[in-house]
Amino acid sequence: MSTTPRGAMEPTGPAPVSPPPAAPPPGGTVTRGVVRLDRVSRWYGNVVAVNDVTMTLGPGVTGLLGPNGAGKSTLIHLMAGFLAPSAGTVTLDGVPVWHNHLAYRRIGLVPESDGTYDGLTGWQFVLANAKLHRLPDPEGAARKAIDTVDMAHAQHRRIGTYSKGMKQRIKMATALVHEPAVLLLDEPFNGMDPRQRLHLADLLRAMGAQGRTVVFSSHILEEVEQIATQIEVVVAGRHAASGDFRAIRRLMVDRPHRYVIRSSDDRKLAAWLITDGSSTGVEVDQQEGCLRVQAVDVPRFTWLLPQVARDAGVRLYDVTPADESLESVFSYLVARPGPAREVAT
Amino acid sequence: MNLTIARLTTSALLGRRRALLLVILPATLLGLAILVRVVAGPDAPVGQPLLHLLAIGTMVPLLGLIAGAGVIGSEIDEGSIIYLLAKPVPRSVIVVTKLAVAVVCLLTFAALPTFVAGVIMSGRAGDVAIGFGLGAALAGVGYAAVFLLLAVVTRHAVVFGLAYALIWESFVGGFVPRAQMLSIQQWALAVVDKVVRQDEIEAVMGVFPALLLLVVVTVVATCAAGLRLRSLSLTESL
């Protein structure tokens, strides 16, 4: 694993921008937008929701990854101009978004909340959004946005009758109706079934490929790595890591892992394991009747363990990772020195 | 003014169950007015007290609360306000449009029924219908602006609104005469007192200071609501 201190926490250093899309935007009609958070903090009384975060988000799909309560939604709200930073600045192409209603010409927001105008039909709702943007052809724009999210078949039904996934798509249509340069989505996959997830994932990838800056939040690594070209990891309000999904995955895999092992002879196995550098801690738990191992070189450890057991004539009954939850992964990232890291790929 | 916001607001306001109150209260007033006319004949002594206590004193503040707070409060509570706020539309335009919807609603469901009830009970004698109708309309504007501000400032707008209408205006005002100076109801009654020639109303202030206070409160409340909406944080509404 190679990690390097990144400019995220250094005001003078350049922050990484996710790579430009491979394909040029069709028709060249998409304007680009770069969202920059510069040393942004947000606190509520004594509670710090976002702590000194610096990041730059450019064209392509960026996933904001972190456990629940990490500050992802707060970051999305800050980027959308719905929350004032307590410190630092949030800009879109150099212009602050807070107290700037004109920024919404270039920002599309899909909120996590399902609160909509349930008495309206999908068509009426999207059309109203098009009119609020004062688009020259609101009907045409609404039709196009509804077609994009594949909701034409249900557009004349009341939104109150929609399923969660349909509501999510019609919300998406309202955010796309003015073809924004920046699309912000707060936990867009929550409550969606697998087919709807696939459809939305395809849609986000297409938006990113068109040259839009697509930012979405999620607490599920697999979800983010399937869609995002750039991942920003946020834990406890801090920017913990930044990179593409391979590097983030590697960072998470390469951290020290704890294992609980039950075998026919724990003491013998411990003696063999301790001579190898892949483990930094080996403890025989006589009370529980198991061996607790902290592995620093996971690939070597997982390769070595069965070999050692065979050579020592020890039978392995059970090998269980003790800290595989995403929260423990995030905790590890936060505990590392230097709150934000750019991950070299 | 923004017509799209007005349509969305009207749809959200009238599409709720509480909108039934907008019909039930004026229907009750009109029903009682017909009953009074049938039982006691024209210009019955009970006519003006009915318009004073039921129309100006009860119906207008309650409908003012439903319409004033309802044009924006439920959208803030449910989070649908985000679809208006995330648009290149000044927040002041949103507030003014919503206030206009609330005022039109109160003219339709409060002032007009008050005028019609006045006509039913008194004909055109003494300009009772015009006086009370005008008073209801002006009070409606004041209540709409104040309760809209309350809805933008707090999630408990209905509680504070009821406290103002029932405790401050009715209870405190009854024991502390000076408190009546800060009562929208009293400002409306000052107008009624001026317009109706043979009225039974004793206003606590003249019509001009009443109108001045009404205008100042309406303008200040609307500006304050616009400023507050400009700084409304998403997390406060969701």
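In what order do the four strands of the open sheet in chain A lie? In this predicted model, the order is S3-S2-S5-S6, and the pairing is antiparallel.

**Sheet of chain A**
- Strand S3 (47-57) and strand S6 (95-96) of chain A stand at the edges of the sheet, and because each has a single partner strand, one side of each is left without a neighbour there.
- Strand S2 (residues 35-44) of chain A runs antiparallel to S3(A) and is joined to that strand by seven bridges, with Val35(A) standing opposite Leu57(A) of S3(A).

**Nonpolar cores**
- The largest nonpolar core holds 156 residues, of which Val126(A), Ala144(B) and Leu148(B) touch the most other members, while helix H7 (residues 128-153) of chain B gives the most to this core, with 19 residues.
- Leaving aside neighbours within four places in sequence, Val126(A) is in contact with Ala142(A), Ala145(A), Ile146(A), Ile170(A), Ala173(A), Thr174(A) and Val177(A).
- Another core, of 11 residues, lies apart from the largest one and has Tyr259(A), Ile261(A), Val293(A) and Phe301(A) among its members.

**Helix pair in chain B**
- The axes of helix H9 (residues 184-195) and helix H10 (residues 207-230) of chain B come within 8 Å and cross at roughly 140 degrees, and the crossing of H9(B) past H10(B) is left-handed.
- On the side of H9(B) the contact is made by Trp187(B), Ala190(B), Val191(B) and Lys194(B), and on the side of H10(B) by Val207(B), Ala210(B), Leu213(B) and Leu214(B); the residues of this contact divide into seven nonpolar, no polar and one charged.

How values were computed:
Residues are numbered from 1 along each chain as its sequence is written. Chains are lettered from A and ligands numbered from 1 in the order in which they are written. This is a predicted model: local features need pLDDT of at least 70, side-chain atom pairs count only at pLDDT 80 or more; totals for chains, interfaces and linings use all residues. Two strands pair if DSSP finds at least two bridges between them. Helices (H or I, at least four residues) and strands (E, at least two) are DSSP runs, numbered from the N terminus. A nonpolar core is a set of buried Ala, Val, Leu, Ile, Met, Phe, Trp, Tyr and Cys residues joined through C-beta atoms within 7 Å. A residue is buried if 20 or more other C-beta atoms lie within 10 Å of its own, exposed if 12 or fewer, and partly exposed in between; C-beta atoms are placed from the backbone. Two residues are in contact if their C-beta atoms, placed from the backbone, lie within 7 Å. Axes are lines fitted to C-alpha atoms, for helices over the stretch in contact, and angles run from 0 to 180 degrees between N-to-C directions. A crossing is left-handed if the near helix is turned anticlockwise from the far one by less than a right angle, and right-handed if clockwise. Ala, Val, Leu, Ile, Met, Phe, Trp, Tyr, Cys and Pro count as nonpolar, Asp, Glu, Lys and Arg as charged, and the others, Gly among them, as polar.
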